[in-house]
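Trainee: I would like to go through this model one item at a time. Where should we begin?

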Amino acid sequence: MSEQQQVPSRLVFRIPGVAVLAALLFAVCATPFAFAAPGLFLVYVIPIAAVVWVLRVRTVADADGLVVREVTSSRPLPWDRLKGLRLSERGKVSAVLYDDTEVALPQVRVRHLPALALVSGGRLDDPTEPPTPEARDTDDADDSVGTGDSTAPTAGAAADPGVEPDTEPATEPATEPGPEPAAGSGAEDTARRAPAPE
């Protein structure tokens with residue numbers, strides 16, 4: 001490739017902020033009900049909890065690794081602690097650590113894997129790229145599930161309203177999508193990219 005691809009330094013996968021408006025609309029609509037009887041004002045707990053959830057829950061990816069933020073906790077996951085990623089049949093993604101524990105990545109979906117591969121600096125494979133001849137040879141020798149063409153293709157994270165890059169990544173020509181995974185095939189792992197032989 002002659003052109004250098006601009007890699008975003010940081011990506012944030014989160015719920016679109018417009019969801020806060022839905023919670024505020026619920027609060028406005030609940031106002032007549034909230035003051036109809038004593039104690040019903042507790043209905044306001046629902047929109048407040050929804051706003052906190054929308055503003056807090058996210059996954060941040062940068063050159064150092066991933067940071068998983070839940071409503072009450074935050075967990076850093078450096079790239080060197082990641083064994084790979086597990087993809088669910090519903091398109092959700094979990095990080096698999098070397099001790100085989102899984103950490104769900106909030107708001108990260110299969111379509112975001114190419115963006116994660118870019119931000120990771122080559123520590124994760126991009127499943128939409130065709131495998132190199134060396135990778136095909138190692139895949140034939142090792143029957144472990146790799147990144148292959150088992151995930152849905154994507155044009156990048158910038159097109160998703162829940163992903164906020166710090167810098168705009170350069171667009172590339174669209175690649176031909178691979179076959180979809182068979183129904184009921186279970187979860188699949190994406191393998192880490194092996195270092196190139198010297």
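Trainee: What is the mean pLDDT of the protein chain?
Mentor: This is a predicted model, so confidence comes before any detail. In the protein chain, 63% of the residues reach a pLDDT of 70 or more. The mean pLDDT of the chain is 73.

Trainee: Over which residues does pLDDT stay under 50?
Mentor: Where pLDDT is low, the predicted coordinates should not be read in detail. One such stretch has 16 contacts beyond four places in sequence in the model, and another has seven. The stretch with 16 contacts is residues 167-178, and the one with seven is residues 181-187.

Trainee: How many helices and strands does the protein chain have?
Mentor: Along the sequence, the elements follow the pattern β-α-α-β-β-β-β-β-β-α-α-β-β. The secondary structure comes to four helices and nine strands.

Trainee: What share of the contacts in the protein chain with a separation of 6 or more comes from residues 24 or more positions apart?
Mentor: The protein chain has 198 residues, of which 31% count as buried. It exposes about 12,100 Å², and carbon and sulfur atoms supply 59% of that area. As for the contacts with a separation of 6 or more, the share from residues 24 or more positions apart is 58%.

Trainee: Are helices α1 and α2 roughly parallel or roughly antiparallel?
Mentor: Two packed helices are described by the angle between their axes and the distance between the axes. Here the axes of α1 (residues 19-34) and α2 (residues 45-56) come within 9 Å and cross at roughly 175°. An angle over 145 degrees counts as roughly antiparallel, which makes α1 and α2 roughly antiparallel.

Trainee: Is Arg-58 buried or exposed?
Mentor: Arg-58 is found in strand β2 (residues 58-62). Leaving aside neighbours within four places in sequence, Arg-58 is in contact with Val-12, Phe-13, Arg-14, Val-67, Val-68, Arg-69 and Pro-106. Its relative accessible area is 16%. The cut-off for buried is under 20%, so Arg-58 is buried.

Trainee: Is Asp-100 buried or exposed?
Mentor: Asp-100 lies in the loop between β6 (92-97) and β7. Most residues other than glycine have a negative phi. Asp-100 is not a glycine, but its phi is positive, at about 65°. Its relative accessibility is 51%, so Asp-100 counts as exposed.

Trainee: What is the relative accessible area of Gln-107?
Mentor: Gln-107 lies in strand β7. Gln-107 also has a positive phi, about 70°, although it is not a glycine. The residue is partly exposed, with a relative accessible area of 22%.

Trainee: How far apart are the C-alpha atoms of His-112 and Asp-126?
Mentor: His-112 is placed in the loop between β7 (102-109) and α3 (113-119). His-112 is buried, with a relative accessible area of 2%. Along the chain, His-112 and Asp-126 are 14 residues apart. Their C-alpha atoms are separated by 9.8 Å.

Trainee: What separates the C-alpha atoms of Leu-113 and Thr-128?
Mentor: Leu-113 is found in helix α3. At 3% relative accessibility, Leu-113 counts as buried. Leu-113 and Thr-128 are 15 residues apart along the chain, and the separation of their C-alpha atoms is 8.5 Å.

Trainee: How far apart in space are Arg-123 and Asp-80, C-alpha to C-alpha?
Mentor: Arg-123 lies in the loop between α3 and α4 (133-141). Arg-123 is partly exposed, with a relative accessible area of 36%. In sequence, Arg-123 and Asp-80 are 43 residues apart. In space, C-alpha to C-alpha, the distance is 8.2 Å.

Methods:
Residues are numbered from 1 along each chain as its sequence is written. This is a predicted model: local features need pLDDT of at least 70, side-chain atom pairs count only at pLDDT 80 or more; totals for chains, interfaces and linings use all residues. Side-chain values use heavy atoms; hydrogens and water are left out. Axes are lines fitted to C-alpha atoms, for helices over the stretch in contact, and angles run from 0 to 180 degrees between N-to-C directions. Helices (H or I, at least four residues) and strands (E, at least two) are DSSP runs, numbered from the N terminus. Angles under 35 degrees count as roughly parallel, over 145 as roughly antiparallel, 65 to 115 as roughly perpendicular and the rest as oblique. pLDDT is the predictor's confidence in each residue, from 0 to 100. Contact means heavy atoms within 4.5 Å. Buried means under 20% relative accessible area, exposed over 50%, partly exposed in between (1.4 Å probe, protein chains only). Accessible areas come from the Shrake-Rupley method with a 1.4 Å probe; for residues, only the protein chains shown count as cover.
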